[in-house]
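Work through the exercises below with the sequence and the model side by side. Try each task before you read its solution.

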Amino acid sequence: MSLRRARAVLVALSLAAFAFITTELLPVGLLTHIAPDLGRSRSQIGLLVSGYAVVVVLSSIPLTRLTQRIPRRQLLAVTMLLFAAANATAALAPTYTVLAGSRLVTALAQAVFWSIATATVVGPFPVAVRGRMVALFATGATLAPVLGVPLGTWLGQQAGWRVAFAVLAGVGLAIAAVVFVLLPSYPPAAGGAAQGTAPHGRRFALLLIATALGIGGFMTLQTYVTPFLLDVSGFTDAVLAPLLFVSGAAGVVGTLVAARTLDARPIASLLTPLGIGTASLFGLYALGTLQPGTVALLAGIGLAYAAFASAVQSRMLQLAPGSTDIASAGVSTAFNAGIAGGSLLGGGLLPTMGARPLALAAGVLTLAALALLALDARRSTASPGQRRPADRPPTSPAPTRRVTPST
C-alpha cells in the first residue's frame, strides 16, 4: 500500500473511531433527556454506558479470535454497517429495552473495530513513526468529545435525543462505503504491525491492569459529569454542551502533544497524563463548587484522558507478546473493564452520596494506576539485565513481511 493511500485509510478509520466514541458516550450528554422520555432514572441511563462496556469486555478477545482470518477491508466494512443499523434501531427505540439491545449490537461492532483498527492503521508506516500515527488515528476518538458528544447533546436538546442517533446511523453508512473503497484486502497476519516490536508478557500484563484502573478512574466521574456540573458546580443545562466541548478540546491538545513524545518517550507519555488527571480529579473534588476552577480542571481531565489513551495504544504495539490484534483486544478489554467499573462505581455512589465524591473516588483509581506504572518503570530501569532504558523504544525491531495487497 502506498503511503498516500495509507494516510487516506488512517483518516477514514479515525472518522470511524470518532463515530464509535460519540455513540458510546452520547448517553452521558443526553442523560437528563433520555431518562424522562423512557421513564428511567439517571443511574439506569448511565448503565447504557457501563453495560456497553461490559459487552466489549466479554466479546473483544473471542470475536477477535473468531474473525482473525477475515481480510480487514471486508471485516471493517461489515462492522460499520452493523454500527449504522444499531444506531438506526436506537433512534426508533420505543422502550428502554430496545435501546439497550441496540447498544449491545453497537458494542459488539466496537469490540471488533478496536481490536483490529490500530494495527491496520499503523502497519504500512515505519516503526520509528508508529507512535505518531497512533496519536493521529486517536485524534478521531478525541474529537468525539469535542464535536460528537457536544453536537449530539445540542442536537438532542433541540430536536430530541432520537435524532442524534439517527444522524450517527447515516455517518456509519458513509464510513462503511469509504472503508470498502480505500482499504486494500490482504491476509491479517501479513500486516506490518502484526507483531509487537519489543514483546514483554509481564510488562504488557501490568499495562492492562494500569489501563483498567486509570480508565476506571476517569469514567467514575465522566459517566456522571452532567449531574456533577449541574448539582455541585451549579451550571445550567444550557451550558453543558459548551463545557463538554472544553473537555474535548483539551483532549485534542493532549493527543497532539502525545504525538510528539510517544515514539521517543513511551513511559513518560503514560505517566505524565496520569499525573495531570489525578491532580485534576482531586482538585475538582476540592474546588468543584467554584465554576471557573471547575472549567480549568475539567479541561485537565479531558487532556489527560486522551493523552493516556493514545499512550496505551502505542505502548501495546511495542509490548504485545504475540499477535497485536489479540493484544489490542486485550487493551480494549482493559479499557472497557475500566469504563464499566467506573460507571458502576459512579452509579452506586451517585444516589447515596451525591455527585461530589465521584471526583475523589476517580482520583484514587488514577493514582493507583500511576503508582503501578511508575514502580514498574523504576524496577525495569534498575534491573541489571535490562538491555535499554525503560523509557526508550526498541532500536532494532524484528523485520516484518511486506505484502502487496489485492484491491
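A salt bridge is a side-chain nitrogen of Lys or Arg within 4 Å of a carboxyl oxygen of Asp or Glu. Two notes on the source come before the tasks. This is a predicted model, in which local features need pLDDT of at least 70 and side-chain atom pairs count only at pLDDT 80 or more, while totals for chains, interfaces and linings use all residues. Residues are numbered from 1 along each chain as its sequence is written, and side-chain values use heavy atoms, with hydrogens and water left out.

**Exercise 1. Salt bridges**

Task: Find how many salt bridges the model has, and work out which residues Asp376 joins into one network.

Solution:
- Step 1. Apply the rule, and the count is 3 salt bridges. Side chains of opposite charge can pair when their charged atoms come close.
- Step 2. Take arginine 72 and aspartate 325. Their closest N and O atoms are 2.4 Å apart. Arginine 72 is in helix α4 (residues 72-92) and aspartate 325 in helix α13, 253 residues apart, and the pair links distant parts of the chain. Helices are DSSP runs (H or I, at least four residues), numbered from the N terminus.
- Step 3. Check their burial. Buried means under 20% relative accessible area, exposed over 50%, and partly exposed in between (1.4 Å probe, protein chains only). Both arginine 72 and aspartate 325 are buried.
- Step 4. Turn to aspartate 376. Its salt bridge with arginine 202 has closest N and O atoms 2.8 Å apart. Aspartate 376 is in helix α14 and arginine 202 in helix α8, so this pair ties together parts 174 residues apart in sequence.
- Step 5. Aspartate 376 also meets arginine 203 in a salt bridge, at 3.1 Å from N to O. Arginine 203 lies in helix α8 as well, so this pair with aspartate 376 of helix α14 ties together parts 173 residues apart in sequence.
- Step 6. Shared partners join Arg202, Arg203 and Asp376 into one network. Aspartate 376 counts as buried at 6% relative accessibility. Arginine 203 is buried, with a relative accessible area of 6%. Arginine 202 counts as partly exposed at 34%.

**Exercise 2. Cavities**

Task: Count the cavities of 30 Å³ or more, then describe the lining of the largest cavity and of the second largest cavity.

Solution:
- Step 1. Set the rule. On a 1 Å grid over the protein atoms alone, a cavity is a set of points where a 1.4 Å probe fits but cannot get out; lining residues have an atom within 4 Å of a point. Grid points are joined across faces, edges and corners, and a volume is the space filled by probe spheres set on the points.
- Step 2. The count comes to 2 cavities of 30 Å³ or more. The largest cavity holds about 650 Å³ of space.
- Step 3. Its lining has 32 residues, and the closest to the centre are Ile21, Leu25, Ala141, Pro145 and Tyr305. Elements that give two or more residues to this lining include α1 (3-29), α5 (96-122) and α6 (130-159).
- Step 4. Sort by class. Ala, Val, Leu, Ile, Met, Phe, Trp, Tyr, Cys and Pro count as nonpolar, Asp, Glu, Lys and Arg as charged, and the others, Gly among them, as polar. The largest cavity has 19 nonpolar, 12 polar and 1 charged residues in its lining.
- Step 5. The second largest cavity has about 80 Å³ of space. Its lining residues include Arg203, Arg315 and Asp376. By class, this lining has 7 nonpolar, no polar and 3 charged residues.

**Exercise 3. Rings**

Task: Classify the pair formed by phenylalanine 113 and tryptophan 114 as stacked, tilted or edge-to-face.

Solution:
- Step 1. Rings of Phe, Tyr and Trp (its six-membered ring) pair if their centres lie within 6.5 Å; planes under 30 degrees apart count as stacked, over 60 as edge-to-face and the rest as tilted.
- Step 2. The count is 6 aromatic pairs. For phenylalanine 113 and tryptophan 114, the centres are 5.2 Å apart and the planes at 85°, so the pair is edge-to-face.
- Step 3. Phenylalanine 113 and tryptophan 114 are both buried. Ring pairs link Phe20, Phe83, Phe113, Trp114 and Phe137 into a cluster.

Notes: On a 1 Å grid over the protein atoms alone, a cavity is a set of points where a 1.4 Å probe fits but cannot get out, and a pocket is an open set with protein on both sides within 12 Å along at least five of seven lines; lining residues have an atom within 4 Å of a point.
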